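Biologist: I would like to learn how to read the contact between two chains. Could you take me through it step by step?

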Amino acid sequence: MIPRPLKPQYFQILLALAEGDRHGYAIQRAVLAQTDDQVRLWPAMLYRSLAKLEEAGLIRQADAPADQPDDERRQYYALTETGSVRLREEAEMLARWATAARGAAI
Amino acid sequence: MDQAPARLRAYRSLLRLFPREFREERGWEMERLFVDMCAEWEEERGKLGLRFWASLVWDTGKEALGEWLSLSRELFRPATALTIGEHMSALMGDIRFAFRQLVRQPLYSGTIVLLMALGIAGNAAVFRVFNGLFLRPLPFESPEQLVDLNETAPQWDLEYLSIAYRDFDRWRAENRTFQSMTAIDYGGGNFIAGGGPQRVSFLAATHDIDEVLGIEPMLGRFFGPEEDTPEGPRAMLLAHGFWEQEFGGDRDVLGKTVTLNGFPIEIIGVLPTEASLISGADLWLPLRLDPTDFTGWGLNGIGRLQPDATIDQARLDLTSIHKAMIDEFDVNEISSPVVNSFRDRYLGDYRLSSGFLLAAVAIVLLIACANIAGLMFARSLSRSSEMSVRLALGAPRMRIARQLLTESLVLASLGGLLGAFLGVWGSEALVLPMADQFPRWVSFDLDGSFLMFLLAIVMGAAVVFGLAPALQASASASASSAARSTSSLSRRRVMSFLVTGEVALALALLVVGGLTVLDVRELGRTDPGFEPEGLISYNLSLPSGRYGDHDARLAFVDEYLPRLESISGVEAASVTSALPLGSHWGRFYVAEHAAPRAEDEINPVVLTRVVSPGFFETVGVRLSAGRPFDDFDGREDGTHVVIVNETFVASHLSHVQNPLGARLTGGTGTPGDDAMWMTVVGIARDVKHYGVDEEMIPGVYFPLRQEPLSGFQVALRVRGETSAAVSAARAITTEMDAELPVYDIEIMTEELDQALWTRRATSWLIGAFSGVALLLAIAGIYGVISYTVGQRSKEISIRMAMGARKEDVLRQILRQGMVLVALGVGLGLVVSLAGARLVTASGLLVGVQATDPRVYLGVTLVILAVAGVANYLPARRAAGLDPMHVLRGD
């Protein structure tokens with residue numbers, strides 16, 4: 001079980017995988033893009049997070065896509081069903097919080 | 001694999017920080033990501049740069065630590081939820097089992113307990129001192145607001161000048177950063193309350209002192225502003241101890257009038273016991289000074305800051321007030337206020353030496369832990385078959401790791417307990433002789449932080465030396481036999497690493513120890529400039545009531561000294577304002593025809609002493625030129641004379657060919673000034689007035705007749721038994737004046753010894769700790785080589801069976817061990833040389849250079865020699881193996 005709310009790096013990884021299966025470096029690039037270059041997941045942080053998410057059943061290891069023969073030597077990761085449900089819930093929660101914050105700030 | 005670029009290899013070794021399982025599972029992916037990132041950074045920025053590597057190291061270190069922590073959490077989480085009772089009984093079972101295991105191997109357990117106790121004891125003892133000096137909050141209300149006030153005058157070469165009352169008066173009136181401040185003076189007097197006279201000490205302070213310290217009188221009241229003026233009514237408070245001792249705790253003392261130095265004074269209150277933390281004075285009096293009457297600098301100050309004010313703000317605040325006074329008083333250009341925290345002012349000198357001690361004991365503990373870890377590593381191999389059996393029988397891996405950790409904890413607790421006792425006991429010996437070197441508010445009582453510290457280092461040491469072998473033993477127990485041989489290789493590597501580190505740490509510690517020991521020896525040999533053996537002294541003060549004028553005082557001394565010299569065993573007697581290591585009285589002097597000093601040139605303060613003619617003979621101060629004083633010097637009809645020391649000649653008389661006959665004055669030396677001129681008749685060798693470890697400053701001596709004293713130190717040069725001489729001197733004193741107390745009797749050799757006590761204690765301790773460190777390192781070397789040889793006995797036997805000669809085997813094993821030692825020595829030398837600058841800056845060394853080659857060479861030779869022996873013994877045993885016996889045995 002991973003407690004709610006998700007740690008920011010877990011959320012970003014799930015989000016990056018929502019767009020399709022990715023390997024480690026691609027996840028790092030995607031998270032950088034998602035966060036306007038604010039968050040770089042360095043290798044140890046990234047792979048410990050992947051290990052945790054995998055253990056909790058939110059992601060799984062996946063085969064390299066057929067159109068990427070060069071990437072055979074990379075491990076791909078994919079979102080599981082549980083993972084995508086959890087991502088949606090977390091995103092909605094964040095949205096509610098953001099709305100509340102906007103309300104308070106005015 | 002070996003073709004990997006250097007940086008990938010570097011990253012790979014970084015990844016070794018992770019537990020093996022994680023590394024094996026994810027390592028290759030992380031390396032791949034690393035390669036991709038390198039390519040990206042180089043493309044974008046041209047090179048990787050420091051920021052890349054720093055982030056990478058940080059990321060790896062932090063996550064590896066997290067992984068280890070969650071791994072160990074997992075190990076100790078039970079498979080099924082247990083009740084607390086079940087937990088407890090499982091734990092008790094573990095502990096019982098651990099005890100059984102340990103008792104079965106008394107040598108192994110005993111060694112570990114002893115190593116641990118040694119490490120803990122040193123740490124406990126030194127931490128107790130450090131805690132008392134620097135960590136424990138001061139025993140006053142809101143102690144963080146209390147600051148020490150003083151004035152400084154760099155141009156006079158004085159770090160602390162003391163405070164002038166007129167400055168204090170203005171600071172107190174105009175500051176915006178203090179709640180309150182007080183100025184304090186200390187003194188002594190002859191006290192009469194019904195019975196005979198006695199010598200008492202007093203503290204005289206402005207009326208703000210109770211507010212500053214936050215104390216209330218136990219009885220009666222404090223003095224107020226009306227009593228703190230020169231004409232105000234005289235009042236005093238009794239210290240609690242003095243009240244109990246002299247008045248039997250009688251509450252009716254209030255309103256009584258007693259006599260101090262001939263003045264009748266009313267007792268208005270009794271102080272609480274905690275007032276004695278500020279001063280051991282018997283009486284507290286109002287200061288009664290007039291700010292318009294300048295009497296020089298001589299006061300101490302304590303301030304209580306506003307809750308939100310900082311020390312820097314306070315200093316700026318006082319400085320602007322102080323410098324605004326320059327228009328009225330030129331001298332405020334030279335002097336400036338200083339505000340210090342209490343600790344920095346009084347204990348700052350000890351901060352570095354106790355820091356060194358703390359570092360030294362930490363190193364000893366580290367070496368002890370490394371050794372214990374080494375022992376446990378060695379044993380975990382011999383136990384791996386036991387572990388395999390237990391695993392095969394179905395014991396969960398976590399259960400086994402927990403068992404091993406419990407054993408470590410039991411050993412650590414036993415060692416810690418023993419060490420704590422040794423430490424507390426040892427620190428008594430360390431602390432007791434130190435007590436009167438520190439302000440009275442310093443206390444070395446055992447307290448909560450001491451206990452917490454002990455607990456923390458015991459637990460920390462147990463986990464450090466226990467967890468790693470526990471994890472590894474349980475891992476290797478589960479691994480195949482193929483993996484086991486690699487794990488024994490990696491274990492050997494870990495142990496070699498430990499040995500190199502131990503040797504390096506021991507060497508660094510031995511260097512510091514050697515330097516301090518050498519330093520104290522040099523200081524002990526330093527010529528103090530006089531002859532301390534057989535010199536004793538006591539204080540005497542002639543009350544102004546009966547010895548009002550110069551003639552009366554001189555008449556007393558003229559009769560007194562010959563009578564003292566008639567005591568059998570007393571070779572010479574004289575009086576002086578201050579013997580070596582005594583008080584400091586500084587003044588300024590100008591020499592005739594000297595070029596005026598430049599604006600920014602230092603005008604050094606001159607130690608001024610008044611002595612009777614026999615002083616130089618009595619104390620054993622040699623004159624390098626000229627003559628001592630005689631009975632005619634200083635008479636009103638004669639010329640005024642002075643004897644100067646060698647440093648004074650260098651600082652004030654460098655412009656004259658022959659200092660004898662030169663003239664100097666305590667005034668300005670300008671034509672309108674009528675201060676008297678004095679002729680130099682002698683040059684005395686420098687006396688180490690402030691201790692043999694301090695630089696001497698310029699000094700002058702006046703003949704007693706020129707500046708008759710009302711209070712002085714009497715010096716006796718005694719041959720043979722001193723106590724008989726003191727009682728005879730006391731009898732003569734009482735015979736001459738029954739109301740004169742003889743006090744502060746001192747034996748000069750003891751005073752000199754006492755002055756070096758902190759240095760000597762520090763050097764002993766560092767020396768002792770470095771000796772322990774060396775022993776531990778030797779034990780470590782011996783253990784590792786024995787272990788390695790044991791591991792390789794089969795290989796060695798095969799080689800010998802194939803015809804290798806004994807000498808070859810011996811040489812090979814020796815070389816292998818000595819390479820580790822040499823590596824350690826090299827590393828240790830680098831560390832010590834780098835640390836030498838720190839040692840120099842600390843003021844720990846006075847007599848020797850921090851890079852003294854004798855110490856480095858000596859220590860290196862000692863380590864190489866003993867390490868050679870520790871290496872040779874197991875090597876010889878290996879070379880003496882009977883190959884057939886070993887091979888058949890397998």
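Modeller: What follows is a short talk about the interface of two chains. This is a predicted model, in which local features need pLDDT of at least 70, side-chain atom pairs count only at pLDDT 80 or more, and totals for chains, interfaces and linings use all residues. Residues are numbered from 1 along each chain as its sequence is written, chains are lettered from A and ligands numbered from 1 in the order in which they are written, and side-chain values use heavy atoms, with hydrogens and water left out.

Biologist: What is the area buried between chain B and chain A?

Modeller: The size of an interface is often given as the accessible area lost when the parts come together. Taken with a 1.4 Å probe and summed over both parts, that area is about 2100 Å² here, and carbon and sulfur atoms give 55% of it. Of the area that chain B buries against chain A, 27% comes from B:Arg26, B:Arg32 and B:Leu33, more than from any other three residues.

Biologist: How many salt bridges are found across the interface?

Modeller: A salt bridge needs a side-chain nitrogen of Lys or Arg within 4 Å of a carboxyl oxygen of Asp or Glu, and the rule finds six across this interface. One of them joins the side chains of B:Glu63 and A:Arg48, at 2.9 Å from N to O.

Note on methods: Buried area = accessible area lost by both parts, 1.4 Å probe.
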